[in-house]
Amino acid sequence: MTLYSIAPFALTDMPDDGVAIHAPNGLFTIEDRGAADALRALSLHSQIDHETLVETLGGCSDAPALENFLKQGLGLIHEVRPAACAVHLAGDPEDIEPLRSMFLSETLASPSEEREPGLLRIEAINRPNLSDSLAAARAALRPGQILVTLFPFGPETVVTPPWRPGLGIACPCCCMDFLEEARFQGGRRGELSLGDALAALQAEGCDGRPFRRLASRDLAYAGRIAAARSETVLGIRRGWDDWDDVRSLLRISHGMPNITRARVPLSPACDCLHHAPGN
Ligand SMILES: [Zn+2]
Ligand SMILES: [Zn+2]
């Protein structure tokens with residue numbers, strides 16, 4: 001079975017049922033209605049096998065040409081070896097569900113720690129008290145596993161860089177320190193704006209207001225990116241890091257996804273360098 005991974009992309013509806021697609025290779029306009037519908041269907045997957053791909057493209061006038069365009073022209077589809085990594089999805093059940101749909105097979109989305117701890121641990125943290133939850137996610141990491149966390153922060157979804165002890169990059173706790181620091185220093189002339197302070201407090205669940213949970217749609221989008229980056233780090237996927245620095249922290253705005261990247265320094269307050277859980 002040939003398996004393909006689908007790079008994250010965004011679609012904008014155009015008049016007459018066409019779409020504009022923001023793909024790895026640039027911005028394109030698709031006017032063919034069948035092709036536009038196929039792209040809408042593909043946007044629901046992060047991976048697809050060849051049979052399903054052919055079915056999905058079936059409504060287009062020239063399916064083989066479109067398939068070739070998706071691969072070569074748009075850079076949207078890359079073949080992955082079927083022995084892709086096993087993933088352990090962690091988080092509340094309702095948060096895991098939209099992530100699970102981002103993986104094709106049971107092997108990729110094994111939910112049971114007993115069956116298969118997996119090379120990857122993707123944890124959705126969709127609750128207040130982020131710092132404690134991030135530390136717990138780090139502590140739960142098995143030897144050799146790579147950790148990616150997804151969580152809401154202010155009006156954005158955060159995806160931490162694929163991390164494991166010894167990589168020498170910022171761990172999820174370093175990322176949290178970085179985000180809070182950025183919030184408190186983000187005001188004009190270095191002054192703290194009230195909005196920034198409230199966002200930081202809200203992220204920690206300290207301001208008494210209801211915690212803003214990530215919607216399934218946000219989780220699915222972030223999960224797709226997390227999966228692709230992790231596969232790059234594990235050497236399963238090629239061609240991704242040409243345009244995405246996989247070691248950067250991602251902040252994804254809601255609605256029409258706009259992604260901000262940041263290289264996060266190791267936090268002086270974090271102990272990830274000299275505490276190596278599981279190693
Ligand atoms: Zn750290
Ligand atoms: Zn220590």
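Reply: The chain's secondary structure comes to eight helices and 12 strands, as DSSP runs numbered from the N terminus (helices H or I, at least four residues; strands E, at least two). This is a predicted model: local features need pLDDT of at least 70, side-chain atom pairs count only at pLDDT 80 or more, and totals for chains, interfaces and linings use all residues. Residues are numbered from 1 along each chain as its sequence is written, chains are lettered from A and ligands numbered from 1 in the order written, and side-chain values use heavy atoms, without hydrogens and water.

Me: Which geometry does the site of the zinc ion (ligand 1) have?

Reply: Donors are N, O and S atoms within 2.8 Å of the metal (3.2 Å for Na, K and Ca). Cys171 (SG), Cys174 (SG), Cys270 (SG) and Cys272 (SG) coordinate the zinc ion at 2.2 to 2.4 Å. Four donors count as tetrahedral if all angles lie between 85 and 135 degrees. Here the angles are 99 to 124 degrees, so the site is tetrahedral.

Me: How many residues apart are cysteine 174 and cysteine 272?

Reply: Cysteine 174 lies in helix α6 (residues 172–185), and cysteine 272 in the segment after β12 (259–262). Both are buried, meaning under 20% relative accessible area with a 1.4 Å probe, protein chains only. The pair links distant parts of the chain, 98 residues apart.

Definitions and conventions: Four donors count as tetrahedral if all angles lie between 85 and 135 degrees; four count as square planar and six as octahedral if opposite donors are over 155 degrees apart and all others between 65 and 115; anything else is irregular. Buried means under 20% relative accessible area, exposed over 50%, partly exposed in between (1.4 Å probe, protein chains only).
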